[in-house]
Amino acid sequence: MTLLTFGLTIVRHGETQYNKDGLLQGQAIDTSLSEIGLRQAEAAGQYLKDVKFSNVFVSDMLRARQTVQTIIKHNSSCSGLEMVCDPLLKERSFGIAEGRPVQDMRDMAKAAGQSCPDFTPPGGETQEQVKERVKEFLELMLQRIGAEHWQNEASSSAEQETSPVEGKADDGVRCVPVHALVVSHGAYIRVAVRYFVEELHCPLPQGSDKVHMFSLCPNTGLCRFILTTRKEEDRFKLLGIRCVFVHRGDHVKQLG
């Protein structure tokens, strides 16, 4: 069977002043990175500078675009690549809670008898609606990557051999020529990871548990997955997904 295996590295945007102040941004508030956020993005760029990417996707929101632009300027493999800005990657809408303290949403959730991540403020997106965006983006990404790379990079092996996890920037993708960089948002990434684990049956990386997997990714935190696809007529179908690591933030620890 001929298969295409590729890496997927998902990065949360750098810190904004709203993040620092504990305020919800969502979709209506499109702020730029703070000084710390710019330093975080620089640190992520330095960390990933020798990791090869073949595709770049980013939310159309300013904080995500600033982050990816900072990352790719350090990476020679990204020179000449098209940066695909996709609104499917934008943050979850928090409705009337946007611009207000995160604690306000926690209080609203408590009053409704729900956990904060599962609660939908009036006018906001439900978790299910965000998951539908995740699924739609994943499908579009699969078709684009398949169309661009199948002819040159597909292999007849059961799954292309991937590099071990050694705490290095290229863990899992050292021998994988097709590798997508995706920059998005905290609540969106949490929904995506949950979907991968619960519905696509992505196994947890060694030493991780669901509490850690489903926690909020830190600003410029990195999550990496390996996806395997096959071609069925003129479409590309996902066969499997596994996680290399989630929420890695080694590159920003020294920033304090």
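Is the crossing of helix 2 and helix 3 left-handed or right-handed? In this predicted model, where local features need pLDDT of at least 70, side-chain atom pairs count only at pLDDT 80 or more and totals for chains, interfaces and linings use all residues, the crossing of these two helices is right-handed; a crossing has this hand if the near helix is turned clockwise from the far one by less than a right angle, and is left-handed if the turn is anticlockwise. Residues are numbered from 1 along each chain as its sequence is written, and side-chain values use heavy atoms, with hydrogens and water left out.

The axes of helix 2 (residues 35-47) and helix 3 (residues 62-73) come within 7 Å and cross at roughly 35°. Such axes are lines fitted to C-alpha atoms, for helices over the stretch in contact, and the angles run from 0 to 180 degrees between N-to-C directions. On the side of helix 2, Ala 41, Glu 42, Ala 44 and Gly 45 take part, and they meet Thr 67, Thr 70, Ile 71 and Lys 73 of helix 3, where contact means heavy atoms within 4.5 Å. The residues of this contact divide into 3 nonpolar, 3 polar and 2 charged, with Ala, Val, Leu, Ile, Met, Phe, Trp, Tyr, Cys and Pro counted as nonpolar, Asp, Glu, Lys and Arg as charged, and the others, Gly among them, as polar.

The chain as a whole has 7 helices and 6 strands, which are DSSP runs numbered from the N terminus (helices are H or I with at least four residues, strands are E with at least two). Along the sequence, these elements follow the pattern β-α-α-β-α-β-α-α-β-α-α-β-β. The radius of gyration of the chain is 18 Å, which agrees with the value near 18 Å that a compact globule of 256 residues would have; this radius is taken over C-alpha atoms, and the globule rule is 2.2 Å times the number of residues to the power 0.38. Taken along the principal axes, the C-alpha atoms fill a box of roughly 55 × 35 × 35 Å.

Of the 256 residues in the chain, 52% are buried, a class that means under 20% relative accessible area, while exposed means over 50% and partly exposed lies in between (1.4 Å probe, protein chains only). The accessible surface of the chain comes to about 11600 Å², of which 49% belongs to carbon and sulfur atoms; these areas come from the Shrake-Rupley method with a 1.4 Å probe, and for residues only the protein chains shown count as cover. Among the contacts in the chain with a separation of 6 or more, 78% are accounted for by residues 24 or more positions apart.

Val 183, placed in strand 4, counts as buried because its relative accessible area is 0%. Leaving aside neighbours within four places in sequence, Val 183 is in contact with Val 11, His 13, Phe 57, Val 58, Ser 59, Ala 64, Thr 67 and Val 68. Ser 184, also found in strand 4 (residues 179-184), is buried with a relative accessible area of 1%, and, with the neighbours within four places again set aside, Ser 184 is in contact with Val 11, Arg 12, His 13, Ser 59, Leu 89 and Ile 189. From C-alpha to C-alpha, Ser 184 and Asn 219 are 10 Å apart in space, although 35 residues apart in sequence.

The backbone was also examined for positive phi values. Thr 220, a residue other than glycine, has a positive phi near 60°; Thr 220 has its place in the loop between helix 7 (210-213) and strand 5 (222-232), and counts as buried at 0% relative accessibility. For His 247, likewise not a glycine, phi is positive and near 60°, and this residue lies in strand 6 (residues 235-248), where His 247 is buried with a relative accessible area of 9%.

Pro 122 is found between helix 4 (102-111) and helix 5 (127-153) and counts as partly exposed, at 47% relative accessibility.
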